[in-house]
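This report describes the packing and side-chain pairing of one protein model.

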Amino acid sequence: MADRAEGGGMAWSWKLEKADGQDAGTAEETFPTRSDAESWLGESWRELRAGGVERVVLLDDGAAVYPMSLDEA
């Protein structure tokens with residue numbers, strides 16, 4: 001799926017979850033493209049994990065795209 005051009009009105013973001021599945025909020029940033037969102041996660045996952053986040057879900061304008069565990073194993 002190709003990323004939308006900036007200014008397309010849609011935003012990519014990350015939903016954060018704890019190990020027990022409890023909602024831990026969303027990442028403070030939103031991103032104009034899926035690639036930008038995934039790059040941010042690649043840079044931030046260790047910090048999120050240290051803060052108790054165990055799983056993230058990529059959101060495309062609020063709709064779930066895919067979940068990902070932050071477990072290193």
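## Basis of the description

A residue is called buried when its relative accessible area is under 20%, exposed when it is over 50%, and partly exposed in between, using a 1.4 Å probe and protein chains only. By this criterion arginine 55, with a relative accessible area of 35%, is partly exposed.

The model is predicted: local features need pLDDT of at least 70, side-chain atom pairs count only at pLDDT 80 or more, and totals for chains, interfaces and linings use all residues. Residues are numbered from 1 along each chain as its sequence is written, and side-chain values use heavy atoms, with hydrogens and water left out.

## The nonpolar core

A nonpolar core is a set of buried Ala, Val, Leu, Ile, Met, Phe, Trp, Tyr and Cys residues joined through side-chain atoms within 4.5 Å. The largest such core has 15 residues, of which Trp14, Trp40, Leu41, Leu48, Val56 and Leu70 touch the most other members. At least two core residues come from each of β1 (12–17), α1 (34–50) and β3 (55–60); helices (H or I, at least four residues) and strands (E, at least two) are DSSP runs, numbered from the N terminus. The greatest contribution is that of α1, with five residues.

Leucine 48 illustrates the packing. With contact taken as heavy atoms within 4.5 Å, and residues up to four places away in sequence not counted, leucine 48 touches Leu16, Trp40, Leu41, Val53 and Leu70.

## Aromatic pairs

Rings of Phe, Tyr and Trp (its six-membered ring) pair if their centres lie within 6.5 Å; planes under 30 degrees apart count as stacked, over 60 as edge-to-face and the rest as tilted. The structure contains two aromatic pairs. Tryptophan 14 and tyrosine 66 form an edge-to-face pair, 6.1 Å centre to centre with 75° between the planes. Because tryptophan 14 belongs to strand β1 and tyrosine 66 to strand β4 (residues 63–69), this pair ties together parts that are 52 residues apart in sequence. Tryptophan 14 is buried, at 0% relative accessibility.

Phenylalanine 31 and tryptophan 40 form a tilted pair, with 5.7 Å between centres and 45° between the planes. Phenylalanine 31 is buried at a relative accessible area of 7%, and tryptophan 40 is buried at 15%.

## Salt bridges

Five salt bridges are found in a search of the whole structure, each defined by a side-chain nitrogen of Lys or Arg within 4 Å of a carboxyl oxygen of Asp or Glu. Glutamate 17 is buried, with a relative accessible area of 7%. Its side chain meets that of lysine 15 at 3.4 Å, N to O; lysine 15 is partly exposed, at 28% relative accessibility. Glutamate 17 also forms a salt bridge with arginine 55, at 3.0 Å, N to O. Arginine 55 lies in strand β3 and glutamate 17 in strand β1, so their pairing ties together parts that are 38 residues apart in sequence.

A further salt bridge links glutamate 54 and arginine 49, whose closest N and O atoms are 2.7 Å apart. Both partners are partly exposed: glutamate 54 at 28% relative accessibility and arginine 49 at 27%. Through shared partners, salt bridges join Lys15, Glu17 and Arg55 into one network.

## A loop residue

Threonine 33 lies in the loop between β2 (23–26) and α1, and counts as buried at 12% relative accessibility. Threonine 33 and aspartate 60 are 27 residues apart in sequence, and their C-alpha atoms are 9.2 Å apart in space.
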